[in-house]
Amino acid sequence: GRPGVKLCCGVGTDHLDPAPDVSIDQIIRAYEEQIETIEAMGGKLVIMASRALARVAKAPADYARVYGRILRQVKEPVIIHWLGEMFDPALGGYWGSTDHAAAMETCLGIIHLNAAKIDGVKISLLSREKEIEMRRKLPPTVRMYTGDDFNYTELIAGDEHGYSDALLGIFD
């Protein structure tokens with residue numbers, strides 16, 4: 001209720017049982033339900049990683065389908081959160097591969113295709129090198145938000161090629 005204040009809210013599929021028989025369409029609807037509620041209240045969206053999607057996705061194309069569909073619908077640019085398996089083992093293989101380099105390419109492909117709908121990406125992989133590599137491959141309009149609780153000072157300070165913005169639990 002405060003004028004000019006934006007509330008940032010994570011949207012996900014946590015209310016959906018991540019059973020192996022969940023469909024991609026059910027996952028999309030689960031995201032849409034939360035997006036609709038938060039946008040109706042004027043909130044800014046953080047698209048959280050989905051345990052259900054990690055469980056049922058068969059290929060990177062499944063991630064492209066889900067993210068492409070929800071990103072086409074959002075009213076304002078969102079932040080995508082890639083939470084790594086070191087924080088939640090159920091998210092291992094997110095973006096369709098257990099190899100972070102391959103997973104990053106899938107995520108970057110989705111970001112490049114939908115850059116106008118993405119404010120930024122927050123990666124929580126606890127790897128300074130991976131974050132910097134991804135940051136350098138982002139479209140110029142898409143920000144990198146660090147989720148690295150160990151290397152955040154260096155990542156925020158940046159280098160001659162750029163920096164990461166802060167979006168960290170350590171600041172709580």
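**Note on a predicted model**

1. Helix 3 has 14 residues, and the distance from its first C-alpha to its last is 20 Å, close to the 20 Å expected at 1.5 Å a residue. This is a predicted model, and that should be kept in mind for each of the points that follow. Within helix 3, the buried residues are Asp 62, Tyr 63, Val 66, Tyr 67, Gly 68, Ile 70 and Leu 71. These buried residues pack against helix 1, strand 2, helix 2, strand 3, helix 4 (100-113) and strand 4 (118-124).

2. Helix 1 (residues 24-40) can be checked in a similar way: its 17 residues should span 24 Å at 1.5 Å a residue, and because its end C-alpha atoms are 24 Å apart, the two values agree. An α-helix has 3.6 residues a turn, so residues three or four places apart point the same way. Just after helix 1, Gly 42 takes a positive phi of about 85°.

3. Where does His 81 lie, and which residues does His 81 contact? His 81 belongs to strand 3 (residues 78-83), and it counts as buried because its relative accessibility is 7%, which is under the 20% cut-off. Apart from neighbours within four places in sequence, His 81 is in contact with Val 46, Ile 47, Met 48, Ala 49, Lys 122 and Ser 124. With Ser 124 there is also a polar contact, made from side chain to side chain at 2.9 Å. The C-alpha atoms of His 81 and Lys 117, which are 36 residues apart along the chain, are separated by 14 Å.

4. On the cysteines, a search of the whole structure finds zero disulfides. Cys 8 is in no disulfide, and the nearest cysteine sulfur, that of Cys 9, is 6.8 Å away, whereas a disulfide would need the two sulfur atoms to be within 2.5 Å. Cys 8 counts as partly exposed, because its relative accessibility is 38%. Cys 107 is likewise in no disulfide, and for this residue the nearest cysteine sulfur is that of Cys 8, 17 Å away. At 0% relative accessibility, Cys 107 counts as buried.

5. Trp 95, in the loop between strand 3 and helix 4, has a positive phi of about 75°, and it is buried, with a relative accessible area of 0%. Leu 126, in the loop between strand 4 and helix 5, has a positive phi of about 55°, and with a relative accessible area of 30% Leu 126 is partly exposed.

6. The largest pocket holds about 180 Å³ of space. It is lined by 13 residues, among which Arg 135, Val 142, Arg 143, Met 144 and Tyr 163 lie nearest its centre. The elements that give two or more residues to this lining are helix 5 (128-137) and strand 5 (143-146).

Technical notes
Residues numbered from 1 in each chain as written. Predicted model: local features only at pLDDT ≥ 70, side-chain atom pairs only at ≥ 80, totals over all residues. Heavy atoms only, no water. Helix = DSSP H or I, 4+ residues; strand = E, 2+ residues; numbered from the N terminus. Buried < 20%, exposed > 50% of the residue type's maximum accessible area, 1.4 Å probe, protein only. Contact = heavy atoms within 4.5 Å. Polar contact = N/O pair within 3.5 Å; in protein donor to acceptor, adjacent residues only side chain to side chain. Expected span 1.5 Å × (residues − 1). 1 Å grid on protein atoms, 1.4 Å probe; cavity = no way out; pocket = protein on both sides within 12 Å on 5 of 7 lines; lining within 4 Å. Points joined across faces, edges and corners; volume = space filled by probe spheres on them.
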